[in-house]
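Keep the structure open as you read.

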Amino acid sequence: MRPGPGLSRRALLAAPLVLLAPGARAEGTALRVATIDWALLETLLGMGITPVAAAELVLFREVAVEPPVPPSVVDIGLRGAPNFEALRLTRPSLIFSSNYYAEMEPTLRLIAPVETLSIYRTGDPPFGRAEAAAERIGVVTGREEAARALIARVSAQIAAERQNLASHAGRPMLVLNLGDSRHFRVFGADSLFGEVLTRLGLANAWGERTSYAASAPIGLEALARFPDAFLVILRPVPPDAARVLSTSALWNALPNVRDRRFAVLDSVDPFGGLPAAARFARLLGAALRAEGEAAGRGGDLG
Amino acid sequence: MAELTLPRPTGRRPFHVGLALALLGTVLFALVLARQPALEGPQATALEQLLLWHSLLPRAATALLAGAALGLSGALLQRVLRNPIADPSTLGIAAGAQLALTLALAFAPALLAVSREGTAFAGGILAVALVLAMSWRRGFEPVTVVIAGMTLSLMAGAMSAALILARGDYVFSLFIWGAGALHQQNWQPALLVGTRLALGAGAALLLLRPLELMTLDDAAARSLGMAVQGMRLVLIALAVWLAASVVSQVGVIGFVGLAAPAFARLGGARRPGAVLLAAPLIGALMLWITDSLVQLTASSGGDLIPTGAAVGLLGGPLLLWLLPRLPASPARPPMATGHARRLRRPGRALALLAAGAVLIGALALLAGRDLDGWALATGPVLAELAVFRVPRIVAAAAAGGLLGAAGAIMQRLTGNPLAGPEVLGVSAGAGVGLALALTLSPAPSAALLLAASAGGALGALALVLLMAAWTGFAAERLLLSGIALGCTALALLSAVFAAGGPGSFRLLAWMSGSTDRVGAHEAWMLAACALVLLLPVAVLGRWLDILPLGAGVSAALGVPVGASQLALTLLAALMTGVAAFFVGPLSLVGLIGPHLARLTGFASGRSFVFASALIGAGVLLLADWLARMLAFPYQLPTGLLAALVGGPYLIWLLQRGEPRHG
């Protein structure tokens, strides 16, 4: 186990205790925050703040995976249609939201003051904004030191991975999701993954702009334009696609697939915050270090 | 019979047109081949070969074969149902097949590994069975069949939208299927569709004689020794199989099945055999040409618009173009004259209905779930929750009332029991307005969205009125113009969905129909709109009583026919447009309200519309409450829930039917 995530878990376990400690009540009330946005949920958890309520936790645990969400957090339903009544019942004193949910802000304000922190904005690189969001959360919750710690920890983790991957420096990578056996979408330079690649000293083979960090679905044949790229395939891989591709002549003839220059990573939230960036860096580092071991599995995506 | 009356071409024109199309296709395909970007690296040549053999050629083959299969499917359906506007998209077959695939992906992915095609076929057959059940009482009359099909397509679309919303980005491949993309990486889809096409064409050839007899009416065909109903079922199943195999491989490709036989007939094919031969050829060329154009306009970042959506854009204009060529249906006995029962005191019944709606509203206000279980809100808790519940209740009641009233007016205007406000195309127009705002503005405010949706609805309304005026306000023309507009709007929306991104999720939320974003301000605005739009009905009652008697009688009784139809259409469309922003494009409330009102016995125009409005309000109130409670704290989309609860009941009502009301 590497020190990074362990630390985060310890901080997380300690969080409720911190809340109970008299020091945390310095501002008069206990910290009762809620969040609609997933990237902010990650950031809060990464800072050791356990929100009282958050949205769509069933899918969050599947897609973002970490940081783990303590069972005390109340699930208030879909991000796109949160249950305001349930949110009200958890009595938050502050609600975090983002530009995606601008429309529901007036209603949220009926419950508690709203702090809108937008990490993903078209054409704006998200990593710096994710750090700024953590800092801002630190300021409004009075936990500046936790924010600084999270930012430093993620930077350190990425820097450590960069060291480990020194032999891969400048290597072109293509980060993608498979939609079915014939389509993928790719993450551009303006995505969180794109920025992490740069910070890891790797290159993003996808040079073109994307409309919203990820591209619209693209035909699989476009992969032939990137024979040198290492393919980073993010789970979930649809079972149908895995089955068809393992026998596909085109897929298996792609130079990257034939030479086993690809890896399938566990799910990472593509629109996540700093913890997602760290998770991506860690999973990618592990995959690149294990590159040789994948040999002999063919184009199998299992 | 519903046969197209098209100008008879002279000489060898059809052959020349076909040749020109084939030539165009070849030239475009050559351009596609020439425009392939040169690859780099040591294995570039080998890779280019591979792309040619495993991507470009199978893509072209799939386009040709899928187009032919859809063309054949459309030709068969049009012949069997004696309906020149039947095809896998207008009958809801494609939408049903796609919904089945979506459900399988979400709940039973193993089913897809067993048989994608079988899953799609089951969905398609179920869809066509529902559509035929709904239009049974009207003798499969073309416009009614298509209205039922479009209603079903909208419902399937709303269900897919809700599923995508619940599963998140996770299932982005669903967007691809919805819009039909032809990218290929092996020959398997081409082979599958090709074998189905060959088998289908063989079967059609064997059944050519029965197909020719289908032109006759059922009695004549039966006297010639044909088991009419059995043969009809076999042929419909064949057509569904062809369409389902295409949907299972490349997704929804709209309207090729509608266009190909129409063009074949336009080109001079008269006998069933000629149409059955020409339609697949034309369909193949159509899809091939469209797909080549899509590839030529694609950037390296992907296609500008998926092929299925591009072809779907054709659907609307094509229906419009076919519209004046549709024969007028034989005069029907007006539906509003005879009522199974007639209330003696409609005033008292209306008061009862109003009391019922208020009661449901009170239930929705007081009863609910909190984090521990069921709870009746009182005192300070109620005051606290009322902030959230009152706007939703007001919005649901107002939207339900508006939709019910709009549906009642539409039914009186058109004499068609399936003419819900949704088929006016106004709500789909509102969706296009929303899509535009969401695409152009990164974080649109609620006011901007409302304005955009109203703009879209008004634009669509203007178009429908223009087209209806152009064709003289005949009821069927009005319905078909609405459907045509709806088709084009839905194709546009599916293209927006296919691009993905945050905006498309907001649009999906609208598609599935949800009242949860209504703030106090919007709710009271909606209530005010409802009052302003419902009040004129009180003075328009006479028109609503007389218009169903037909244009001649109406004019003789001193009703300005054109002006009154225009005014009522405008009123119904405004009601629909306002309500659609809040509850999405489909709720079936506009169909359920008027049907229940008629069953109860509200006969006069005025009381019929008001009763429909009250019932609509009650139904949507109940649906909204259930949507909040069933999966607490997760909320279900209100419009979809109303449709799911009301849909089966509606089909049962229509099936049972009262013959006198059609």
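**The core and the contacts around it**

This is a predicted model. Start with its largest nonpolar core, which has 321 residues. Helix α19 of chain B, residues 475-499, gives the core its largest share, 18 residues.

Now pick out Leu402(B). Set aside its neighbours within four places in sequence. Leu402(B) is then in contact with Ala530(B), Leu533(B), Met575(B), Val578(B) and Ala579(B).

Move to chain A. Its domain assignment gives domain 1 (3-157) and domain 2 (169-291). Where do the two domains touch? On the domain 1 side, four elements of chain A give two or more residues: α2 (38-46), α3 (57-63), α6 (126-141) and α7 (144-164). In total, 28 residues of domain 1 of chain A are in contact with 19 residues of domain 2 of chain A. The domain 1 side divides into 18 nonpolar, six polar and four charged residues.

Last, look at where the chains meet. Here 54 residues of chain B are in contact with 56 residues of chain A. Several helices of chain B each supply at least two residues to its side, among them α6 (142-167), α16 (379-414), α18 (446-470) and α19. The largest share, five residues, comes from α2(B). The chain B side divides into 30 nonpolar, 20 polar and four charged residues.

Terms used
Residues are numbered from 1 along each chain as its sequence is written. Chains are lettered from A and ligands numbered from 1 in the order in which they are written. This is a predicted model: local features need pLDDT of at least 70, side-chain atom pairs count only at pLDDT 80 or more; totals for chains, interfaces and linings use all residues. A nonpolar core is a set of buried Ala, Val, Leu, Ile, Met, Phe, Trp, Tyr and Cys residues joined through C-beta atoms within 7 Å. A residue is buried if 20 or more other C-beta atoms lie within 10 Å of its own, exposed if 12 or fewer, and partly exposed in between; C-beta atoms are placed from the backbone. Two residues are in contact if their C-beta atoms, placed from the backbone, lie within 7 Å. Domain bounds come from an automatic or database domain assignment. Ala, Val, Leu, Ile, Met, Phe, Trp, Tyr, Cys and Pro count as nonpolar, Asp, Glu, Lys and Arg as charged, and the others, Gly among them, as polar.
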